[in-house]
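Have the viewer open as you read.

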Amino acid sequence: MMGRGLLAIEDLEREDIELILDTAFHMKEVGQREVKKVPTLRGRTIINLFFESSTRTRTSFEIAGKRLSADVVNFSPSSSSLTKKESILDTAKTLDAMDPDAVVVRHSVAGVPKQIADELAAPVINAGDGAHEHPTQALLDLMTVVEEKGRIDGLTVTIIGDIAHSRVARSNIYAFTKMGAEVRVAGPPTMMPAQVETLGVKSFRSLREALDGADVVMALRIQLERLAGALFPSVREYSATFGLDRAKLRYAKDDAIVMHPGPVNRGVELSHDLANRRPGVILDQVRNGVALRMAVLYLLAGRKRGAEGEVD
Amino acid sequence: MASDQPAKNRPEPSAPPAPPSAGVVLDDVAIQRALMRIAHEIVERNEELARLYLVGIPNGGVPLARQIAQNLREIAGVDVTVGVLDTTLYRDDRLTRGIRPRLRRTEMPSAVDDRLVILVDDVASTGRTIRAAMDALMDFGRPRAVQVVALVDRGHRELPIKIDYVGKNIPTQRTDHVELRERAGGEGMEVVLMQGRGAPS
């Protein structure tokens with residue numbers, strides 16, 4: 001449940017997701033004004049604590065916080081100086097003493113945001129932890145699909161790529177199934193988690209079958225630097241089998257949309273023409289990311305402990 | 001709206017039972033009459049009607065602003081721009097109470113620069129909503145002037161804010177709750193006062 005932060009989509013109820021999306025659509029209107037800033041979080045402090053570098057997500061949270069008039073501080077300890085669990089928690093306690101109103105955490109190890117949340121009075125927002133979850137990415141993907149399709153219920157969503165090592169995939173599987181979509185996953189066997197069906201999805205070895213009748217096709221980023229050679233024989237083979245291009249996209253519905261969490265490896269997950277397609281759904285995802293993160297910060301930042309039960 | 005409804009419907013014996021001490025303080029006929037009088041006052045007090053811009057504060061202010069715009073069309077033949085402005089993100093008293101009110105829609109169809117903006121609210125009290133609406137408005141541009149309509153003014157002002165056009169002054173206790181709502185069956189609107197049901201806003 002929302003309240004003590006946003007750590008995982010798995011913890012959310014459908015109503016929580018609906019409230020976040022509804023708030024995000026209103027926040028998007030703020031971003032279209034001439035003065036793209038409202039005084040809601042004036043005097044509040046948000047710390048972006050990124051142990052793993054990510055310019056895109058960090059910038060998106062930073063802009064979101066600033067549009068709500070919060071003071072946003074970026075804290076990016078170099079990963080080499082902070083590998084021991086102890087020093088992470090020390091860092092967390094130090095930050096807590098500075099009295100932030102929300103802390104946004106990214107770490108390469110699953111579960112670190114939760115550990116930090118247990119130490120802090122402030123709500124913690126998970127901005128990606130290892131192969132566990134990336135909740136704001138899944139929520140902005142939901143938002144983008146609602147914009148494009150008008151609903152989530154009853155849609156068929158196909159996620160392609162390294163399902164086993166992708167926090168984006170995990171969060172999206174929870175998010176789309178909770179909202180009533182049929183989720184399919186496809187990828188090389190080495191990239192498919194054991195018993196993936198227990199997450200409520202259908203898994204496919206054949207991309208063609210996975211795409212048949214899909215409304216939404218989501219290509220995951222292949223972490224070339226980390227995985228090449230380990231989980232599939234070659235990038236060229238992956239691209240030939242699971243890379244999306246116009247020809248393969250024909251198996252999906254005519255009005256299917258193509259999504260990607262970015263940054264795209266052109267010619268690997270997506271062909272060049274799909275990656276450059278206009279109007280670009282992929283850039284809408286980026287745009288919606290700011291509005292969605294504004295919504296999450298609005299709903300969470302500055303909540304004092306014990307103040308959750310109040311009703312307007 | 002529902003002014004053609006026979007008056008025998010009031011006090012509405014078939015309506016769902018109201019809370020114990022709830023009373024209708026303005027019925028639909030009185031509301032329509034007040035909105036027509038306010039439209040006349042707006043015409044009387046302002047010269048450049050073409051520059052008018054009515055802005056309803058959700059939720060109650062929005063249907064009221066639309067009705068006033070329609071009245072202005074009838075009596076003065078002017079087409080007035082109508083906008084919707086949510087004040088939630090500009091409130092100063094919500095976050096500190098640990099609650100997150102749902103946001104409501106904002107739709108400002110044209111620029112407010114150099115326009116005569118009339119904010120329309122259903123129930124005015126502390127003045128904090130109007131203050132928030134003025135702050136929000138300034139982020140959309142620089143109006144030539146800002147005036148305020150309130151269907152009901154219940155007093156208890158906490159800020160130096162003056163309502164230019166008042167439908168009706170209704171003396172209340174701070175703990176009373178006053179709201180504009182649709183009448184049961186969706187036929188028109190009414191303002192009800194519930195004693196001891198909430199703080200002024």
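## Ground rules

This is a predicted model, so to speak of local features a pLDDT of at least 70 is needed, side-chain atom pairs count only at pLDDT 80 or more, and totals for chains, interfaces and linings use all residues. Residues are numbered from 1 along each chain as its sequence is written, while chains are lettered from A and ligands numbered from 1 in the order in which they are written.

## Chain A overall

Chain A holds 12 helices and 10 strands. These elements are DSSP runs numbered from the N terminus: helices are H or I with at least four residues, and strands are E with at least two. The C-alpha trace spans about 55 × 40 × 35 Å along its principal axes. For 312 residues, a compact globule would have a radius of gyration near 20 Å, and the 19 Å of chain A agrees with that. (The radius is taken over C-alpha atoms, and the globule rule is 2.2 Å times the number of residues to the power 0.38.)

How much of chain A is buried? The share is 46% of its 312 residues. Here a residue is buried if 20 or more other C-beta atoms lie within 10 Å of its own, exposed if 12 or fewer do, and partly exposed in between, with C-beta atoms placed from the backbone. Of the contacts in chain A between residues at least 6 apart in sequence, 76% join residues at least 24 apart. A contact means that two C-beta atoms, placed from the backbone, lie within 7 Å.

## Chain B overall

Chain B has three helices and eight strands. Read from the N terminus, their order is β-α-β-α-β-β-α-β-β-β-β. Of its 201 residues, 40% are buried. Among contacts with a separation of 6 or more, 71% are between residues 24 or more positions apart.

Helix H3 of chain B (residues 128–138) is worth a click. Its buried residues are Arg128(B), Thr129(B), Ile130(B), Ala132(B), Ala133(B), Ala136(B) and Leu137(B). What covers them includes strands S2 (52–56), S4 (116–124) and S5 (145–153) of chain B.

## Two helix pairs

In chain A, helix H1 (residues 14–31) packs with helix H12 (residues 281–300) at about 120 degrees, their axes 8 Å apart. Axes are lines fitted to C-alpha atoms, for helices over the stretch in contact, and angles run from 0 to 180 degrees between N-to-C directions. That makes H1(A) oblique to H12(A); under 35 degrees would be roughly parallel, over 145 roughly antiparallel, 65 to 115 roughly perpendicular, and the rest is oblique. Residues making the contact include Ile20(A), Ala24(A) and Met27(A) of H1(A), and Ala291(A), Met294(A) and Ala295(A) of H12(A). By class, there are 11 nonpolar, three polar and one charged residues. (Ala, Val, Leu, Ile, Met, Phe, Trp, Tyr, Cys and Pro are nonpolar, Asp, Glu, Lys and Arg charged, and the others, Gly among them, polar.)

In chain B, the axes of H1 (residues 28–45) and H2 (residues 61–76) come within 9 Å and cross at roughly 60 degrees. H1(B) and H2(B) are therefore oblique to each other. Their contact involves, among others, Leu35(B), Ala39(B) and Ile42(B) of H1(B) and Leu64(B), Ile68(B) and Leu72(B) of H2(B). The class count is 11 nonpolar, three polar and no charged residues.

Most residues other than glycine have a negative phi, and most peptide bonds are trans. Where does this model have a cis bond? One is from Gly262(A) to Pro263(A), with omega near -15 degrees; Pro263(A) sits in the loop between strand S10 (257–259) and helix H11 (272–275) of chain A. Another cis bond runs from Pro58(B) to Asn59(B), with omega near -5 degrees, and Asn59(B) is in the loop between S2 and H2 of chain B.

Ser69(A), not a glycine, has a positive phi of about 70 degrees. This serine lies in the loop between helix H2 (55–67) and strand S3 (71–75) of chain A, and with 15 C-beta neighbours inside 10 Å Ser69(A) counts as partly exposed. Asp114(B) also has a positive phi, about 65 degrees. Look for Asp114(B) in the loop between strand S3 (81–84) and S4 of chain B; with 13 such neighbours, Asp114(B) is partly exposed.
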